[in-house]
Amino acid sequence: QKHPLRDLSGLCVVLPTRRATFFFKRELAQLSDTPFLAPDVLAVDDFVMQLCGLQQIDNIGLLFELYDVFKELDPNIKFDRFTPWASTLLQDFDKIDQYLAPPKAVFSWVSAAKAIERWQPGEGWTAQPDSATEKYFKLFENLTPVYTSLQDRLLVRRMAYRGMAYRHLAENAFELLLAQPKHTFYYFAGFNALS
């Protein structure tokens, strides 16, 4: 109602999912008896990736990128011992970025929590140099360099995981969205508290 048919091509409608975009386009096509240029209709993930100019890396590729980062820190790391906890770490990285949490503060807190976990006063316990326990706790001390190195590796390839792309857009909104807008108007529709 707000936009004549000739102006629809300048709009962008952002929906929560690709499935929603399919049904929206189908309904929009049925509303007119005359041909018209439709607005861009994008799922929010596609919208973010398009604006960032990045390609979303698949989970397997991301796992191998993270493994390469860890190989730089510890050349003796074995892939079969790495994979059980690596996917959890990648999910944590994704959530940190999606919620725009300050990574250094989060990793500092995790490292401190693990230090408290290994502190056992009165028992005289200390990790032996090069022990598996020491390597386990060293992992938590290296989270910030791992996170930074992974993101640097991905950006060089113009790739990103989902949360990384969202953070990139949020931190560069003016340059990527507002400075030279591709559309005259953006509609965000169908979102709720969960999406």
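Predicted model: local features only at pLDDT ≥ 70, side-chain atom pairs only at ≥ 80, totals over all residues.
Residues are numbered from 1 along each chain as its sequence is written, and side-chain values use heavy atoms, with hydrogens and water left out.

The protein chain contains nine helices and five strands. These elements are DSSP runs numbered from the N terminus, with helices (H or I) of at least four residues and strands (E) of at least two. Along the sequence, the elements of the protein chain follow the pattern β-α-β-α-β-α-α-α-α-α-β-α-α-β. The protein chain has 195 residues, of which 34% count as buried. Here, buried denotes a relative accessible area under 20%, exposed denotes over 50%, and partly exposed lies in between (1.4 Å probe, protein chains only). The accessible surface of the protein chain is about 12800 Å², and carbon and sulfur atoms account for 57% of that area. Accessible areas were computed by the Shrake-Rupley method with a 1.4 Å probe, and for residues only the protein chains shown count as cover. Among contacts between residues at least 6 apart in sequence, 72% join residues at least 24 apart, a contact being defined by heavy atoms within 4.5 Å.

Nine salt bridges were counted, each requiring a side-chain nitrogen of Lys or Arg within 4 Å of a carboxyl oxygen of Asp or Glu. One of them joins the side chains of Asp45 and Arg162, with an N to O distance of 2.9 Å. Asp45 belongs to helix H2 (residues 44-52) and Arg162 to helix H8 (residues 162-171), so that this pair links distant parts of the chain, 117 residues apart. Asp45 is partly exposed at 25% relative accessibility, and Arg162 is likewise partly exposed, with a relative accessible area of 29%.

A salt bridge also connects the side chains of Arg153 and Asp68 (3.3 Å, N to O). This pair, too, links distant parts of the chain, with Arg153 in helix H7 (residues 143-156) and Asp68 in helix H3 (residues 59-73), 85 residues apart. Arg153 counts as buried at 17% relative accessibility, whereas Asp68 counts as partly exposed at 35%. Both residues take part in a network of salt bridges that links Glu65, Asp68, Glu72, Arg153 and Arg157.

The side chains of Arg167 and Asp97 meet in a further salt bridge, at 2.6 Å from N to O. Arg167 lies in helix H8 and Asp97 in helix H4 (residues 79-98); the pair therefore ties together parts that are 70 residues apart in sequence. Both partners count as buried: Arg167 has a relative accessible area of 9%, and Asp97 has a relative accessibility of 0%.

The side chain of Asp97 also makes polar contacts, defined as pairs of N or O atoms within 3.5 Å; within protein, one atom must be able to donate a hydrogen and the other to accept it, and residues adjacent in sequence count only if both atoms are side-chain atoms. Another, of 2.9 Å, is made with the side chain of Gln151. When neighbours within four places in sequence are left aside, Asp97 is in contact with Tyr147, Gln151, Tyr161, Gly163, Met164 and Arg167.

A search of the whole structure identified 15 aromatic pairs. Rings of Phe, Tyr and Trp (its six-membered ring) pair if their centres lie within 6.5 Å; planes under 30 degrees apart count as stacked, over 60 as edge-to-face and the rest as tilted. The ring centres of Phe47 and Tyr186 are 5.8 Å apart and their planes stand at 70 degrees, so this pair is edge-to-face. The pair links distant parts of the chain, with Phe47 in helix H2 and Tyr186 in strand E5 (residues 185-188), 139 residues apart. Phe47 and Tyr186 are both buried. Phe93 and Tyr147 form an edge-to-face pair, with 5.3 Å between centres and 80 degrees between planes. Phe93 lies in helix H4 and Tyr147 in helix H7, so the pair ties together parts that are 54 residues apart in sequence. Both Phe93 and Tyr147 are buried. Ring pairs also link Phe64, Tyr67, Phe70, Phe79, Phe82 and Trp85 into a cluster.
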